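Hi,

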Amino acid sequence: MAETAVLSTGSAVAPSHRRRTWVPYALLLPGLLWLVVFFVLPMLTLGSQSLQEGNVDDGYAFTGNVAIYAEALGRYWPQMLRSLLYAGVATLLALLLGYPLAYFIAQKAGRWKNIVLVLVIAPFFTSFLIRTLAWRTILSDDWFVTQWARTLRVTDLLQWVGLTANDSLLSSKFAVIMGLTYNFLPFMILPLYASLERLDPRLLEAAGDLYASPRETFRRVTWPLSLPGVVAGTLLTFIPAAGDFINARLLGNTQTTMIGSVIDSQFLRVLDYPLAAALSFILLIVIVTMVAVYVRKAGTEELL
Amino acid sequence: MNDKSFDTDNPYLRAALLRGLVSRRSAMMGAAGVSAAAFLAACGSAGKNPTPAGTGATGTTPAKTAAAAQDMSDTEKVVNWSNWTEYIDVSEDEKSRPTLEAFMKKTGIKVNYTEDYLDNDEFYAKVRPLLEGGQDTGRDVWVSTDWMVARLIRQGYIQKLDFANIPNAGNLEANFKNVEFDPGRLYSLPWQAGFACIGYNAKATGGKKVESMTQLLTDPALKGKVTLLTEMRDTMGLVMLEQGKDPASFTDADFQAAIDMIQQAKDAGQLKGFTGNEYTDGLSKGDIAACVAWSGDVASLKLDTPELDLTLPAAGYTLWSDNFVIPALAKHKKNAEKLIDYYYDPKVFKDVAAWVNYIPPVAGTKEALVADDPELGNNTLVFPTEDVLAKAHVFRPLTAAEETKYTKLFSALTTA
């Protein structure tokens, strides 16, 4: 939802010098309608829902109860902060893992390029839920992964660092962050690939001719030119990861709950609709603010 | 074998099954209900002639009656049944459900059996928007816990059963006949009853037994591998009993003390999470070392995973019942009633009971079972003895305001 908001500000600026023609407006219409029906209206409903009071038995009525926002933040700020932290770490890990791979696909893969690209996208052929459930099996106690990790004392290391609570890998911060990184990695790789693919090898040669070391070439040529991909990739990873509710539920424990699972439970189990709606709004505002600051800092508004 | 082992008029069982969501006025009648039951038990032959519930006042009168849809049963030979997991007999190869297959063969009615009832609140949240909007839920029958039945009746979301289609309903055990959550049994018939207890995987606990809630919530050997149920009445009931309080008569302070005990365990990293019926998978694999579990689940899982075991805590445990109900606008009500009728034949129900290991509500099941498998007749989980039932407790009925208040406290634990 948040990315739609960012994108829509761009599309609102329509050229006006050919005032007589209505075609551009007509072409905008389906998109605008889509936004109104699937973004503006739900947002308004959610907003009004957050200001209602009542209970499941008697129904909810609008009372303009703004205090719910304070209550929501007061009760769930740890989960909110945790979500931003986990999403941030997962985004960073995805960048570290994804950048070399994207670079390889774009510049070095040669005739393997298409195959590797398909491999990156392949996980999307199964559902998000199934992929996360698969990790539950992979990390479960009776599988070889955990057994080997125990033999190699990796579990002790993770426990010492505080990423796990005991000698299991599952149900821990480690598993949640790993799940987030895994699930959103392709969203990082694809935009990175798109911008690295356009990188002209002659620029790298030129840098070499001017006596730049490989490190210097990367810092002054490759990295700046791939920035649009980096910005797009981090946004596409961070935003859904911050609101994710599957990974924390399936791979975490009671101390790794993220705000997405809180909203999910409040909506679907506890049936406290106003609180859930207020939490959703707070999450939305926090993410939009962070993204706005980030995009401004990165100085790449024109690239989005 | 031993007739004393399962007294159908057992006052404890009867008292326990009275529980439901009712007004405070009727809650205070609870004591009267118990003594009436004890009186009936003394007479020895209650149940032949069902007396109206001793409790005249209940809060479960529906605010509106559930809408009925046009019944398509005769033209569409289908019934859609939503049930909890591990709650019906399964063949050796785990590929079919023999009693269901037999029903389909016998009646030609196809049963779409879905195990999508993981927890009462979650299921309610799933179907409520449909029921509220006057839409068909796509289900013809499901199995709800006692207190949820009370809520569904009150909100007019379930229909009265047509007992003309359920002649076998006469086989209902006397103990289950007059329950406070559905006075006169107009809307529901029980499917199973059982205990909430402690289940553990000996392989994952390192061979250690888990014998009390205190151990479950504090033993470092179980750290991070403990789950509790999202079912408030079971989890909170067990903790309150551990603290020496009776869930049948607790106060706000008692409830808060139990919340604090769980919160402490949570803050210490003892808990892996709160679950609905899906805990069975983790417990079998050993990812969950110990948990609050439902008795029959553990007993039937033990057949495949021998390292599983269960403890009925010495401090006491809770007793509940799950009941067939037919939702508003169900398209195949008559087929659903035929299905219920089919299971109320003890010759059929014994196969289910032998597999699920819960307390059967169908009279004659024990006799039919013992002929097949004498050992099962001595299973105190399926046919609880006086001793076992004496320690089984009931969560007291809650008023709507109490329900909201307690749920809020408990959900703050489970959702964050």
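B:A68 counts as partly exposed because it has 13 C-beta neighbours inside 10 Å (buried means 20 or more other C-beta atoms within 10 Å of the residue's own, exposed means 12 or fewer, and partly exposed is in between, with C-beta atoms placed from the backbone). You'll find B:A68 in the loop between α3 (30–43) and β1 (78–82) of chain B. Along the sequence B:A68 is 68 residues from B:D136, yet C-alpha to C-alpha they are 9.8 Å apart in space.

Some housekeeping before the rest. This is a predicted model, and local features need pLDDT of at least 70, side-chain atom pairs count only at pLDDT 80 or more, while totals for chains, interfaces and linings use all residues. Residues are numbered from 1 along each chain as its sequence is written, and chains are lettered from A and ligands numbered from 1 in the order in which they are written.

**The two chains**

Chain A has 13 helices and 2 strands, taking helices as DSSP runs of H or I with at least four residues and strands as runs of E with at least two, numbered from the N terminus. Its C-alpha atoms fill a box of roughly 75 × 75 × 35 Å along the principal axes. Of the 304 residues of chain A, 32% count as buried. Among contacts in chain A with a separation of 6 or more, 69% are between residues 24 or more positions apart (two residues are in contact if their C-beta atoms, placed from the backbone, lie within 7 Å).

Chain B comes with 16 helices and 10 strands. Here 54% of the 416 residues count as buried. For contacts in chain B between residues at least 6 apart in sequence, 81% join residues at least 24 apart.

**Helices of chain A**

Helix α2(A), residues 23–50, has 28 residues and spans 39 Å from first C-alpha to last, close to the 40 Å expected at 1.5 Å a residue (the expected span is 1.5 Å times one less than the number of residues). α2(A) bends by about 35° at A:V36, the bend being the angle between axes fitted to the seven residues ending at a residue and the seven starting there. The number of buried residues among the 28 of α2(A) is 1, so this helix lies largely in the open.

α3(A) has 42 residues and reaches 57 Å end to end by C-alpha, close to the 62 Å expected. Where is α3(A) kinked? At A:Y76, by about 70°, shortly before the proline A:P78. Just after α3(A), A:G110 takes a positive phi of about 60°.

**Where A touches B**

23 residues of chain A are in contact with 21 residues of chain B. On the chain A side, the elements giving two or more residues are α3 (67–108) and α12 (259–270). The largest share, 6 residues, comes from α12(A).

**Two helix pairs**

The axes of α12(A) and α13(A), residues 273–298, come within 8 Å and cross at roughly 155° (axes are lines fitted to C-alpha atoms, for helices over the stretch in contact, and angles run from 0 to 180 degrees between N-to-C directions). α12(A) and α13(A) are therefore roughly antiparallel; angles under 35 degrees count as roughly parallel, over 145 as roughly antiparallel, 65 to 115 as roughly perpendicular and the rest as oblique. Residues meeting there include A:I263 and A:F267 from α12(A), and A:L279 and A:L283 from α13(A).

In chain B, the axes of α13(B), residues 346–356, and α14(B), residues 365–372, come within 8 Å and cross at roughly 65°. That makes α13(B) roughly perpendicular to α14(B). Among the residues making the contact are B:F349 and B:A353 of α13(B), with B:A368 and B:L369 of α14(B).

**Positive phi without glycine**

B:N357 sits in the loop between α13 and α14 of chain B. B:N357 is not a glycine, but has a positive phi of about 60°. With 25 C-beta neighbours inside 10 Å, B:N357 counts as buried.

A:S171, also not a glycine, has a positive phi of about 60°. A:S171 is in the loop between α7 (154–161) and α8 (173–197) of chain A, and is buried, with 31 other C-beta atoms within 10 Å.

Cheers
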